[in-house]
Amino acid sequence: MKKPVAALELDHPTLDTPSIQRSLYNRLTYSIGKDPITATDRDWFYSAAAVLRERMIERWMETMRSYYVQDRKRVYYLSMEFLMGRTMVNGMMNLCCDKEFREALVAMGLNVDHIREMEQDAALGNGGLGRLAACFLDSMATMGIPGYGYGIRYEYGMFHQTIEGGQQVEHPDNWLRYGNPWEFPRPEVLYQVKFGGRVVDYADEHGRKNFQWVDTDDVMAMAYDYPIPGYDTGTVNNMRLWAAKSSRDFDLKYFNEGDYIRAVEDKNDSENLSKVLYPDDTTEMGRELRLKQQYFFVSASLQDVLYRYAKSGTPVDGLPDKVAIQLNDTHPSISVVELMRILIDHHHFDWAHAWDITTRTFAYTNHTLMPEALETWPVAMFERILPRHLQIIYEINYRFLKDVMHHYPGDPVLWQRMSLIDEAKDKRIRMAHLAIVGSHKVNGVAAIHTRLMKETIFADFHRLWPDKIVNMTNGVTPRRWLNQANPALSGLITTHIGRDWLKDLDQLRRLAPLAGDAGFRDDFARVKRNNKVRLAQVIAERLGVRVDPDSLFDVQIKRIHEYKRQLLNVLHVITLYNRICAGGDAAPRTVIFGGKAAPGYRMAKLVIRLINDVADIVNNDPLVRGLLKVVFIPNYDVSNAEIIIPAADLSQQISTAGTEASGTGNMKLALNGALTIGTLDGANVEIRNEVGPENIFIFGMTTDEVAAQYAAGYNPWLHYDDNAELKQTLDMIRDGYFSPEDRNRYMPVFETLTYHGDHYLLLADYASYIACQEKVGQLYRDPAAWVRKSILNVAGMGQFSSDRTIAQYANTIWNVEPMPRAAE
């Protein structure tokens with residue numbers, strides 16, 4: 001590291017209210033160039049962001065310096081997604097200056113909430129995968145672990161969702177429209193990324209075979225840095241995102257000839273790489289772009305990691321002692337091959353030496369149990385886009401299968417199952433297999449998920465390497481998901497047990513005795529109701545639907561997918577509607593949905609339309625008597641989650657047992673006092689263990705019963721014929737009761753659940769689910785009992801802090817220690 005040059009003493013902005021107020025005026029005037037008289041809320045937001053950023057920067061620089069000086073092992077977290085949400089309030093709270101900022105803004109006559117709403121959610125992710133990555137970055141910074149996030153600076157997010165005529169409509173999510181005040185462009189940090197071309201081999205003077213990847217199409221990766229402040233500590237870590245830049249911005253020859261489109265063609269083609277999160281992979285071009293995105297960010301990140309490592313002067317042999325790289329799902333698994341390519345082609349290591357370094361450097365997190373969801377790529381596409389990498393994959397596979405054959409001779413079926421290449425139909429590369437073979441540890445994200453990894457999809461690998469697969473149950477950061485999202489509940493908790501719970505979530509256990517305190521229950525219930533009033537106001541403003549904050553807020557907010565079974569929830573809504581219309585009584589209930597369907601996922605989009613059509617009928621039928629409302633809140637994202645989650649009474653976690661790896665929405669909702677209704681799937685199992693089986697609503701088949709049902713030959717018609725309420729519900733969907741203008745609209749839904757086999761066993765679990773929902777309604781009629789269980793859920797959530805998860809990664813997989821507390 002270079003010695004600092006002699007410099008004047010920096011101004012050291014402090015966190016007191018007068019200093020913040022002066023800085024706000026200065027930034028508005030000198031950075032934004034506005035007079036306070038004409039300044040808009042957006043101007044003040046950018047001023048406030050600049051003021052907060054100033055107070056992060058010194059801590060950030062000191063943190064980076066300390067990493068170099070102490071030369072500790074570092075963690076690099078590679079993820080295609082980082083669903084960060086908004087930064088301003090989170091940054092204020094983590095720097096413990098939110099009170100001072102609020103006072104400064106109010107003293108200047110500004111509306112804090114209006115200014116906060118000016119910030120766009122950073123559209124760098126879609127769902128749980130990206131939000132988990134964001135929680136992990138927060139925990140690493142808070143715990144003082146030298147951790148870096150690497151990803152892509154998408155110009156557009158997945159999409160902005162609106163509901164038009166009941167249907168999902170996708171619009172470009174131009175989150176960078178007004179710029180991003182938190183990022184630092186690094187035009188000097190630029191790496192070349194290659195695609196296509198061909199591979200030539202030659203013998204060097206020692207007769208050793210060497211390879212060169214030539215005649216490539218090149219793209220440049222430019223870095224953008226994003227500070228990640230820890231909570232109540234001097235540590236500020238870094239997230240580095242890559243934007244694609246053309247190696248040739250402009251071809252003057254074509255321009256002078258009048259061919260203006262071709263003059264910028266290279267630039268446009270190159271920069272498409274970081275244009276959008278998850279391009280539609282239903283087309284060949286979309287799939288190719290997605291593979292290129294993955295390699296683009298992997299190549300740039302590894303070049304950056306190795307550049308940083310080289311500054312220490314340590315030989316590359318020592319890389320695993322100073323670098324731990326975590327692959328968040330299979331998207332970055334090409335990293336294994338890329339590091340091998342660098343070590344062999346550039347550093348000229350022999351295969352065994354390079355492989356030893358590579359496997360000790362990488363670890364892989366698996367996020368799915370469904371074989372169809374495990375990423376694969378056509379060999380032909382790899383050969384065209386990454387020809388050298390395909391050669392290396394073949395060599396990895398050859399050596400790996402030799403080892404497999406040695407352990408399990410005479411079993412070609414096993415060899416085919418374990419191969420990195422799926423030989424069926426068109427040859428495809430199994431990226432999960434590549435990640436497993438190329439990593440020293442592989443982890444699941446919930447106890448049941450990890451067990452099923454060992455017993456089902458990766459059983460052969462577990463048999464070969466019984467110590468490789470380990471469990472790291474997911475967690476969420478309490479700083480954002482309780483302290484920021486639910487400040488009233490956070491304040492109530494802190495009043496009774498102090499503030500240490502923000503860094504030690506196990507402290508919430510101390511709330512358990514308060515569940516028996518009538519005064520505390522009243523205060524807790526008041527906080528919940530106020531949060532429900534706020535959500536009810538949002539629903540009225542955005543959807544024009546009036547909901548009763550005293551009704552049961554029954555919430556299912558997650559990506560729309562068949563295995564998550566939003567459709568089972570709809571079946572219950574229709575059943576409840578039928579009972580009410582027949583004169584039955586029920587606890588008043590508002591069923592709240594939110595989530596996006598992938599643009600090419602027809603059935604998921606049809607389920608969204610069904611939800612909205614059901615809502616239209618239910619919400620306008622006088623026979624319902626105000627006992628049931630249904631709403632779909634569009635464009636579910638982090639900011640919407642921060643409004644919905646604190647208001648939820650019931651958390652729907654109803655995936656088919658054995659399909660959800662973990663889930664983190666279940667943790668966020670329970671942390672905010674929602675009771676869970678769910679199957680024994682993912683982290684629901686561990687939540688039940690922590691909060692007590694009497695404080696959670698469990699229904700449906702277990703994973704073993706699901707497997708037995710499939711093995712026996714599941715017949716959904718038996719449930720249809722045997723259950724009159726189920727038959728009535730399905731017939732209403734089939735016959736167009738909820739779509740009178742198009743009576744065949746939902747025939748595909750009916751056929752999926754009957755003729756096509758009901759793959760996710762909705763009909764098999766229906767009766768159990770309805771009975772469990774009846775228990776929910778009965779308990780809600782006893783407010784004291786409900787609130788008591790709600791408090792006990794919060795008290796039992798200490799196990800589900802992402803701090804605990806990161807501590808386990810650090811000890812079991814990464815072998816890193818927290819830095820000494822940075823100076824504040």
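**View 1. Helix 27 and its packing partners.** The buried residues of helix 27 pack against helix 18 (447–455), strand 16 (469–471), strand 20 (650–653), helix 26 (665–671), strand 21 (675–678) and helix 33 (783–795). Contact means heavy atoms within 4.5 Å. Helix 27 spans residues 684–691, and its buried residues are Asn-684, Val-685, Glu-686, Ile-687 and Val-691. Buried means under 20% relative accessible area, exposed over 50%, and partly exposed in between (1.4 Å probe, protein chains only). Helices (H or I, at least four residues) and strands (E, at least two) are DSSP runs, numbered from the N terminus. Just after helix 27, Gly-692 has a positive phi of about 100°.

The model is predicted: local features need pLDDT of at least 70, side-chain atom pairs count only at pLDDT 80 or more, and totals for chains, interfaces and linings use all residues. Residues are numbered from 1 along each chain as its sequence is written, and side-chain values use heavy atoms, with hydrogens and water left out.

View 2. Two strands pair if DSSP finds at least two bridges between them. Strand 21 and strand 22 are joined in the parallel sense by 2 bridges. Opposite Ile-677 stands Phe-697 in strand 22.

View 3. Strand 2 (residues 147–152) and strand 9 (residues 236–246) run parallel, joined by 5 bridges. Tyr-150 has Arg-240 of strand 9 as its bridge partner.

**View 4. Strand 8 and its neighbours.** Strand 8 is mostly covered, with 11 of its 13 residues buried. Strand 5 and strand 8 run antiparallel and share 9 bridges. Leu-190 has Met-222 of strand 8 as its bridge partner. Strand 8 and strand 9 are also antiparallel, with 11 bridges. Ile-228 stands opposite Asn-237 in strand 9. The hairpin of strand 8 and strand 9 has 6 residues between the strands, and there Asp-232 takes a positive phi near 55°. Thr-235 sits in the loop between strand 8 and strand 9. Thr-235 counts as buried because its relative accessibility is 4%. Thr-235 and Leu-129 are 106 residues apart in sequence and 24 Å apart in space, C-alpha to C-alpha.

View 5. The model has 3 cavities of 30 Å³ or more. On a 1 Å grid over the protein atoms alone, a cavity is a set of points where a 1.4 Å probe fits but cannot get out; lining residues have an atom within 4 Å of a point. Grid points are joined across faces, edges and corners, and a volume is the space filled by probe spheres set on the points. The largest cavity has a volume of about 140 Å³. Its lining has 13 residues, and Met-84, Asn-90, Asp-138, Ile-228 and Arg-480 lie nearest its centre. Helix 6 (128–143) and strand 8 (217–229) each supply at least two lining residues. Strand 8 gives the largest share, 4 residues. The lining divides into 6 nonpolar, 3 polar and 4 charged residues. Ala, Val, Leu, Ile, Met, Phe, Trp, Tyr, Cys and Pro count as nonpolar, Asp, Glu, Lys and Arg as charged, and the others, Gly among them, as polar.

**View 6. Buried Asp-803.** Asp-803 lies in helix 34 (residues 802–814). Asp-803 counts as buried because its relative accessibility is 8%. Leaving aside neighbours within four places in sequence, Asp-803 is in contact with Ser-139, Met-143, Arg-479, Leu-502 and Lys-503.

Technical notes: 1 Å grid on protein atoms, 1.4 Å probe; cavity = no way out; pocket = protein on both sides within 12 Å on 5 of 7 lines; lining within 4 Å.
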